[in-house]
Amino acid sequence: MGFLSDRLARVKPSPTIAMTTRAAELRAAGRDIIGLSAGEPDFDTPEHIREAAKSAIDQGHTRYTAVDGTPALKRAIAAKFARENGLDYTPSQVTVGSGGKHILYNALVATLNEGDEVIIPAPYWVSYPDMVLLAGGVPVIVECGIGDGFRLTPQALADAITPKTKWLILNSPSNPSGAGYDRAQMQALTEVLLDHPQVWVLSDDIYEHLVFDGFEFVTPAQVEPRLKDRVLTMNGVSKAYAMTGWRIGYGAGPEVLIRAMAKLQSQSTSNPSSISQYAAEAALEGPQDYIADSRAVFQRRRDLVVAGLNACPGIDCPVPQGAFYVYPSIAGLIGRTSAGGARIDSDEAFANALLDEEGVAVVFGAAFGLSPHFRISYATSDEQLHDAMARIRRLCEGCN
């Protein structure tokens, strides 16, 4: 009998963290490395949010809270959903966890039985399939290629649903592609779901506020109210307010699900950080001008990166609707050899050659379930991005 759990053997370490760690090690060894693998804003958390956290400490709010969120934060979250998404949730339909990933994991563990299927459009955030596996479920991967704008089509969704399907995970705008579903596209998916009442929807809206060119964000329960009783709408403060390290995510859905998630959380992590909860309350209820300012910076960076990549021979980079990622194709480089002698026979080989020869850290597309692509996070300075684009172009031009 082995010591480690068989369930743990089903999953692999996060490739994004692995690449970020390798880049950090090379930098520590003296290499000039540009890291474009980590998905977090490079801005400081807004001052009023930081001040709210300091005040919470000074006022002694450093003890346990309710297991899945303070009543005040739950009220602020319910008000956010009403104000920004037209969704009516009571505080009892809201749960708070230690980051968005925590909310997703709680929902899956609380609901999946062995063999239950979860539909995951690819490219996907690297953690989705492994969380499903840890919960005993079966990830059903549906490839959504560049020709479909990296979006799930209604027909592909219908074809993937079986009697064992319990969840569909939707992420709009998407990590890694930045692709978003407009109202008509989302409505078409919800029409399919109405015909399959056993399928719940886990809507990962963490990049809601990072949308460009006038793109209108919508979420499934907003577009089709008849689905609301089987949708978990997940969000958080990490991306919109540059609060990745504060670890606060939240979700809203039917009370039966929220109670089950709270029961699980009570026997695992218990409450999120009390200080972070007070900070999150300030984020949701305080000034929102920070969001528009950061969105403008990210759109400028997106345009810089898309133009730079499309100037590289062998790379085709679509223009994303949101988030802070691009997901270019390297189909034109497969089978070629870099100037340093690396055979580019996969997107992983490309990413390794780029790091080894040019000192640019990206994440290979196979990690997100769709090749041959790679992901760049452009949540870094314009100066670094200009330098990175020049290095990537040099690698591509040196391939033969």
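## Cavities

A cavity is a set of points, on a 1 Å grid over the protein atoms alone, where a 1.4 Å probe fits but cannot get out, and its lining residues have an atom within 4 Å of a point. This is a predicted model, in which local features need pLDDT of at least 70, side-chain atom pairs count only at pLDDT 80 or more, and totals for chains, interfaces and linings use all residues. Residues are numbered from 1 along each chain as its sequence is written, and side-chain values use heavy atoms, with hydrogens and water left out.

The structure holds two cavities of 30 Å³ or more. The largest cavity has about 120 Å³ of space, volume being the space filled by probe spheres set on the points. Its lining has 15 residues, with Pro121, Pro123, Asn171, Ser174 and Tyr181 nearest the centre.

About 60 Å³ lies in the second largest cavity. Among its lining residues are Lys80, Glu84, His209, Asn235 and Tyr250.

## Nonpolar cores

A nonpolar core is a set of buried Ala, Val, Leu, Ile, Met, Phe, Trp, Tyr and Cys residues joined through side-chain atoms within 4.5 Å; buried means under 20% relative accessible area with a 1.4 Å probe, protein chains only. The largest core has 74 residues, and Leu309, Ile315, Phe350, Ile376 and Ile392 have the most contacts inside it. A second, separate core of 46 residues includes Leu170 and Ile291.

Ile376 touches, with heavy atoms within 4.5 Å, residues including Leu36, Phe324, Met389 and Ile392, not counting residues up to four places away in sequence.

Note on methods
Buried means under 20% relative accessible area, exposed over 50%, partly exposed in between (1.4 Å probe, protein chains only). On a 1 Å grid over the protein atoms alone, a cavity is a set of points where a 1.4 Å probe fits but cannot get out, and a pocket is an open set with protein on both sides within 12 Å along at least five of seven lines; lining residues have an atom within 4 Å of a point.
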